[in-house]
Amino acid sequence: MSTPVMHATRPAARLALNGGTPVSATPVPFMKPQLHRADIDAAIAVLESGMLRAAGRCEELERRLAEMSDARHGLTCSNGTTALQLAYGALFSPGDEILVPAWTYIATVSMVVAAGCTPVFVDCLEDTFQMDPADAVRKVTPRTRGIAATHLYGCPVDIDAFQSLAAKHGLKVVYDAAQSHLARYAGRGIGAFGGAVTYSFYATKNLGTGEGGLLTVNDDALAREIALLRSHGETEKYLHERIGFNYRMNDITGAIGCSRLDRLPAETAARQAAAARFDAVLADIDGLASPTVTPNAEAVWHLYTVKMDLSRFTCTRDEFCAALKAEGVPTAVHYPRATVDQPALAAWNRHDTPVASSLSERVFCLPMHHALTEDHFRVIEGSLRKVAEAFRA
Ligand SMILES: Cc1ncc(COP(=O)(O)O)c(C=O)c1O
């Protein structure tokens, strides 16, 4: 009589997606944009005071975030998009060519168009996902007047390279730090570099207030110009010396921002610790690469973006993420379409940014926030290993 052959359960059959037991029945939260009692009390105090417009709490947020990022001036505004509009409006002129990232959130580029300027797309680097300084050098023309660079996912770009390029050609630089509150470069806060740095306080950002934005600048005249643009060019009550907008914040938002800023350094440290743990896990999984940080930069990990080598798996990125979700690990794709490939920007797409255009098929973001627990790390690591093994080519 022959002995029966024992087949180990095949890895794909064990996936929760295929009816197997999930690594965790409770999903890991993807993010944790949670208000504390202190934030709510700070907002209530403003409501009770009756001072609803931009006043003391906005000024406090401006002063503190500027100080913490090594900048001279802070200016609150209504959101990260209007922060970009104010910076571009103050620094660029219609018709200017501005170097922009092909891989970012659309606002970095669409506000260049809104300012009447011409965006010139620069590819991103394969390992950091950040704007590629070497491609920027290639894209400079006699009409180039500025650079709009995003510190994407919480990681600063190669600021030295962009500042040298700017100095060589007399360009003005705006850094979009909507995702990078408290990031650092070469030992200094990112507010120390460039013409203006812009922030978003959208609900899910590292410093989220619901909506809100801020700019930091180091030049006194530029700060005055942005303040004018922000509030209808008004130099004294009902005297409007130039055309501007109402892009002001309000003190309810300012109070929530100040209260959350108290916790931001500790929450940032927790994100950095989480990123280090993910790096260690991914170093051991063939075909999944952790994001590389720009040399000299300190990232604050708004998003932790994993890159897949699809040749090492039998599945697509979307199938991989569906399997992770079934195991208890939600993911997100930032971004499912490169900025350069957005229909709204087709007129400026020269199809010469291949890295950006191909990334959208190959990246996904793991849960990243300050409140990840040991159990969450266990679920994330277990799920990554299980799914990678199941789809191994
Ligand atoms: C890189 C980047 N720039 C600009 C913005 C726009 O900020 P807001 O949504 O506050 O207008 C965002 C927000 O998603 C962003 O991620």
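The model is a predicted one, in which local features need pLDDT of at least 70 and side-chain atom pairs count only at pLDDT 80 or more, whereas totals for chains, interfaces and linings use all residues. Residues are numbered from 1 along each chain as its sequence is written.

Just after α5, G116 takes a positive phi of about 80 degrees.

Five bridges join β4 to β5, and the two strands run parallel; strands count as paired if DSSP finds at least two bridges between them. Within this pairing, V173 in β5 is the bridge partner of I147.

Leaving aside residues up to four places away in sequence, I147 touches I98, L99, A136, F162, A166, L171 and V173, a contact being counted when two C-beta atoms, placed from the backbone, lie within 7 Å. The largest nonpolar core has 120 residues, of which A87, Y88, I147, L215 and I226 touch the most other members; such a core is a set of buried Ala, Val, Leu, Ile, Met, Phe, Trp, Tyr and Cys residues joined through C-beta atoms within 7 Å. Helix α9 (residues 251-282) gives the most to this core, with eight residues. Because domain 1 (37-259) and domain 2 (264-390) both give residues to the core, it lies between them.

The bounds of these two domains come from an automatic or database domain assignment, and their C-alpha centres lie 25 Å apart. The contact between them takes 34 residues from domain 1 and 30 residues from domain 2. On the side of domain 1 that touches domain 2, the elements giving two or more residues are α5, β3 (118-122) and β6.

Strand β6 belongs to an open sheet of three strands, with the order β7-β6-β13 and antiparallel pairing. Since β7 (188-189) and β13 (297-298) stand at the edges with a single partner strand each, one side of each is left without a neighbour in the sheet. Two bridges join β6 (residues 184-185) to β7, and R184 stands opposite G189 in β7.

Helix α5 has a further place in the picture, at the ligand. Both α4 (80-91) and α5 (106-114) supply at least two residues each to the shell around the ligand. There are 14 residues around the ligand, and N79, G80, T81, A178 and S200 come nearest, where a residue is near a molecule if its C-beta atom, placed from the backbone, lies within 6 Å of it.

Notes. Helix = DSSP H or I, 4+ residues; strand = E, 2+ residues; numbered from the N terminus. Buried ≥ 20, exposed ≤ 12 C-beta atoms within 10 Å, placed from the backbone.
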